[in-house]
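Me: I'm new to this one and would like a close look at a single part of it. Could you walk me through it slowly?

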Amino acid sequence: MKTVIHKSDSRGFANHGWLQANHSFSFAGFYNPEKVHFGALRVLNDDMIAPSMGFGTHPHDNMEIITIPLKGVLKHRDSMHNEWQAVLPGEVQVMSAGTGVQHSEINGSAEEHLGLFQIWVFPDKQNVAPRYDQKSFDETERKNKLQTLVTSIDENHESSLKIHQDAVLSRIDLDKGQTFNYSLKSDKHGVYVMNVYGEFVIDGNILQTRDAIGVSEALDFEIETKEDSSILFIEVPMEF
C-alpha cells in the first residue's frame with residue numbers, strides 16, 4: 001500500500017475577505033509541484049463564503065465538478081437554464097462542464113456563512129454535452145455504513161449522482177471505537193480520504209479534522225476511529 005499524507009495546515013490558503021479557501025491541490029495562487037493532483041482528482045477546495053457573496057459567472061469545460069455543502073445555503077445558476085437552484089447540506093451537486101458551461105455559485109443567505117467542498121475530477125470523455133444534477137442524501141444512511149454519492153455515468157447504480165469518470169465518491173459517519181474496511185474497485189484506483197471531522201487511524205497514520213490521506217496500490221485498508229468521525233472518500237483512477 002502506498003500512502004501520501006496531507007495535513008490540514010499544509011494546504012494552500014487564500015483569504016479574499018469574502019472567501020476563505022483551503023486548497024488540497026495547486027489552485028489559483030497556490031502551487032506545490034507535489035500537490036497538483038491525485039490520480040484523476042484535480043481539485044479539493046474547502047471554502048467558507050461570506051453572506052450574500054460568491055463566485056460570479058465564469059466558464060468551465062471538460063471537467064467534472066462536484067460540490068458538497070457542509071453548512072449554509074448554496075445558490076446555483078448556469079447557462080443550462082438552471083436559475084438560482086438551492087443546494088443545502090445533505091445534498092450533493094454535480095456538473096459536467098463538457099463542451100462548455102457558464103455558472104455562478106453564491107451564498108444564498110444574508111446572515112450565515114456558507115461552507116462547502118468543491119471537487120474537480122478529470123473526465124474520461126472529452127466534449128460531452130454539459131449536464132447538471134443534484135440530489136439529497138439522508139445522513140442517517142451513512143451512520144456506521146458507507147453511503148455512495150457519485151459514480152460513473154456508465155455504471156448502473158440507481159441511487160447515486162453521475163459523472164464522466166470511473167470514480168466513486170462516498171461518505172461514512174463512524175462512531176468512536178469503530179473499525180471499517182474500505183475496498184477499492186481495483187489496484188489501478190486510489191482513494192483520497194478526507195477527514196471532515198473527528199480522528200481516525202489508517203496504516204498507523206493519525207488523521208485529525210481536515211487532514212487527508214491518499215491511498216493507492218492497495219485493494220483495501222482499515223480505518224479505526226479514535227473519536228466520532230465523518231469521512232469523505234474520493235476514489236479515482238490513478239492513470240487516466
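In which sense do strand β15 and strand β22 pair, parallel or antiparallel, and over how many bridges?

Reply: They're antiparallel: β15 (residues 168–174) and β22 (residues 229–237) pair that way over seven bridges. Two strands are said to pair if DSSP finds at least two bridges between them. The strands are DSSP runs (E, at least two residues), numbered from the N terminus.

A quick note before going on: this is a predicted model, where local features need pLDDT of at least 70 and side-chain atom pairs count only at pLDDT 80 or more, while totals for chains, interfaces and linings use all residues. Residues are numbered from 1 along each chain as its sequence is written, and side-chain values use heavy atoms, with hydrogens and water left out.

Back to the pair: Val 168 sits opposite Glu 235 in β22. β15 and β22 belong to an open sheet of seven strands, in the order β1-β20-β17-β22-β15-β13-β14, with mixed pairing. At the edges you'll find β1 (2–6) and β14 (161–163); each has a single partner strand, so one side of each is left without a neighbour in the sheet. On average, neighbouring strands here are turned by 20° against each other, direction ignored, going by axes that are lines fitted to C-alpha atoms.

Next, the rings. Aromatic pairs are rings of Phe, Tyr and Trp (its six-membered ring) whose centres lie within 6.5 Å; planes under 30 degrees apart count as stacked, over 60 as edge-to-face and the rest as tilted. By that rule there are eight pairs. One of them is Phe 38 with Tyr 192, tilted, at 5.7 Å centre to centre and 50° between the planes. That pair ties together distant parts of the chain, 154 residues apart: Phe 38 is in the loop between β3 (19–23) and β4 (41–49), and Tyr 192 is in strand β17 (residues 189–197). Phe 38 counts as buried at 6% relative accessibility, and Tyr 192 is buried too, at 0%. (Buried means under 20% relative accessible area, exposed over 50%, partly exposed in between, with a 1.4 Å probe and protein chains only.)

Phe 180 belongs to strand β16 (residues 179–183) and Phe 233 to strand β22, 53 residues apart. Both Phe 180 and Phe 233 are buried. Ring pairs also link Phe 180, Tyr 182, Phe 221 and Phe 233 into a cluster.

Terms used
Helices (H or I, at least four residues) and strands (E, at least two) are DSSP runs, numbered from the N terminus. Axes are lines fitted to C-alpha atoms, for helices over the stretch in contact, and angles run from 0 to 180 degrees between N-to-C directions.
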